Amino acid sequence: MGKKERIYELESGYFTKEVDHVVDEVEIQDEFHEGSTCSRLYEEMTELKKKVCEKLQVDEELDLEHIIDCMDAITKEIAMKMYDYGALIGAAE
């Protein structure tokens, strides 16, 4: 796993607290920690997903899950590009 992927996964809360969260001497914060903006938005999304399922009278809605997965993939793609652009801009300064 490359550095940018590790940072993304640490920020996204994919690892437990026991895993070292330091990359190049910088501590990477889990952006989904309790009380964070991402945590709050994720909880809101989960509640809205439940409401949609209730309206459709189903336990789960696979198309809705697929939409969420696609948005996650888009977010990761943008994050990876931002890292690359940041590295390029930082090197040029």
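1. The model is predicted: local features need pLDDT of at least 70, side-chain atom pairs count only at pLDDT 80 or more, and totals for chains, interfaces and linings use all residues. Residues are numbered from 1 along each chain as its sequence is written, and side-chain values use heavy atoms, without hydrogens or water.

2. Helix α2 covers residues 37-56 and helix α3 residues 62-92. Their axes cross at roughly 155 degrees and come within 11 Å. Axes are lines fitted to C-alpha atoms over the stretch in contact, with angles from 0 to 180 degrees between N-to-C directions. Helices are DSSP runs (H or I, at least four residues), numbered from the N terminus.

3. Which residues meet? M45, K49 and V52 in α2 meet L64, E65 and I68 in α3 (contact: heavy atoms within 4.5 Å). The residues of this contact divide into 4 nonpolar, no polar and 2 charged.

4. How many disulfides are there? The count is 0, a disulfide being a pair of cysteine sulfur atoms within 2.5 Å. For C38, the closest cysteine sulfur is in C70, 19 Å away and too far for a bond. For C70, the closest is in C53, at 17 Å, also too far.

5. Buried or exposed? C38 is partly exposed, at 29% relative accessible area. C70 is partly exposed too, at 33%. Partly exposed lies between buried (under 20%) and exposed (over 50%), using a 1.4 Å probe and protein chains only.

Terms used:
Helix = DSSP H or I, 4+ residues; strand = E, 2+ residues; numbered from the N terminus. Nonpolar A, V, L, I, M, F, W, Y, C, P; charged D, E, K, R; others polar.
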